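Me: Hi! Could you walk me through this protein model with a few questions and answers?

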Amino acid sequence: MVRARDKSPEAFGWQKIELKPNAGSVLLPLSWGLMPLVLTVIVYMTETGLDYINFLGAGAVILMLVGGIGAVSDRQGIFNSLKVGLGFFFSCLSLFAWLMVANNNFQVELGIVSSFLAFAMIFRSLEFIFNDANLIFQTTWDSKSKLPTESMPGWDIRSRRFAQNTMAIKRFDKDSFAHIYGVRTKQGLAIRLDIFGIPLNERFDYRKLNLDLTLFVSEDE
């Protein structure tokens, strides 16, 4: 059996692809979200325009979520990372807090605190995403083919057949993992091996995958 050892999947016929999020589409709504967030504090401190504080607080959180969605939209399965998931969880929690404030079931102070907490957590999540090494590899796939599960020890197999969601996943820790999923391209079906949670400039030991990468590549490659 040919093992990956310290060679990347490219050495076994896989193609490396880039799915880095566009910084502008992520940071622009996030930075604009700071404005209504600061205004909520000003309105609360001056007690001027308190009728609009719910809209300002909720609007700030929505802009944070828009920025976050821009970062994760191209990277499938990214919510398997605890650090990424927490950012979106606290943002949704903050949005719910402002809904409670609007219904007089929650204190405004707690709504403001939840927004700042959401901002801190979503920023932490985005920093983690942008510092990822972006180790994503792709190979063509036949719809009749099945994953060679006999050569995938330690993997959680979700589907042996082609699927446009996670077919198999292997965790390294709570924030780093590798997963395989299917995609449709202009050239036809393909599967991707996506290794997430590896910091930039850190060398990944491909032996951790426990994969015979040659079994995934068709002879026509």
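Here are some questions and answers about this predicted model.

Me: How far away is the nearest side chain of opposite charge to arginine 192?

Reply: Arginine 192 is buried, yet has no salt bridge. A salt bridge needs a nitrogen and a carboxyl oxygen within 4 Å. For arginine 192, the nearest side chain of opposite charge belongs to aspartate 194, and the distance is 7.1 Å.

Me: With which side chain does the side chain of arginine 192 make a polar contact?

Reply: Leaving aside neighbours within four places in sequence, arginine 192 is in contact with several residues, including Trp14, Phe137, Gln138 and Tyr181. One of these contacts is polar and joins two side chains at 2.7 Å. The partner is glutamine 138.

Me: Back to aspartate 194. Which arginine forms a salt bridge with aspartate 194?

Reply: The structure holds five salt bridges. In one of them, the closest N and O atoms are 2.9 Å apart, and aspartate 194 takes part. The partner of aspartate 194 is arginine 75.

Me: How many residues apart in sequence are the parts that this pair ties together?

Reply: Arginine 75 sits in the loop between helix H2 (53–72) and helix H3 (82–102), while aspartate 194 is in strand E6. Because the two lie in such separate places along the chain, the pair ties together parts that are 119 residues apart in sequence.

Me: Are arginine 75 and aspartate 194 buried or exposed, and which other residue is linked with them in a network of salt bridges?

Reply: A residue counts as buried under 20% relative accessible area. Both arginine 75 and aspartate 194 are buried. Their network of salt bridges also includes Asp132.

Me: Now for helix H3. How far apart are the end C-alpha atoms of H3?

Reply: H3 has 21 residues, and at 1.5 Å a residue they should span 30 Å. The model agrees with that expectation, because the end C-alpha atoms are apart by 30 Å.

Me: Which elements are included in what covers the buried residues of H3?

Reply: Several residues of H3 are buried, among them Val84, Phe88, Trp98 and Val101. What covers the buried residues of H3 includes H2, helix H4 (108–130) and E6.

Me: Let's finish with strand E4. How many of the six residues of E4 are buried?

Reply: Strand E4 spans residues 166–171. The strand is largely enclosed by the rest of the structure, because the number of its six residues that are buried is five.

Methods:
Residues are numbered from 1 along each chain as its sequence is written. This is a predicted model: local features need pLDDT of at least 70, side-chain atom pairs count only at pLDDT 80 or more; totals for chains, interfaces and linings use all residues. Side-chain values use heavy atoms; hydrogens and water are left out. Buried means under 20% relative accessible area, exposed over 50%, partly exposed in between (1.4 Å probe, protein chains only). Lys and Arg count as positive and Asp and Glu as negative; His and the chain ends are not counted. A polar contact is a pair of N or O atoms within 3.5 Å; within protein, one must be able to donate a hydrogen and the other to accept it, and residues adjacent in sequence count only if both atoms are side-chain atoms. Contact means heavy atoms within 4.5 Å. Helices (H or I, at least four residues) and strands (E, at least two) are DSSP runs, numbered from the N terminus. The expected span of a helix is 1.5 Å times one less than its number of residues.
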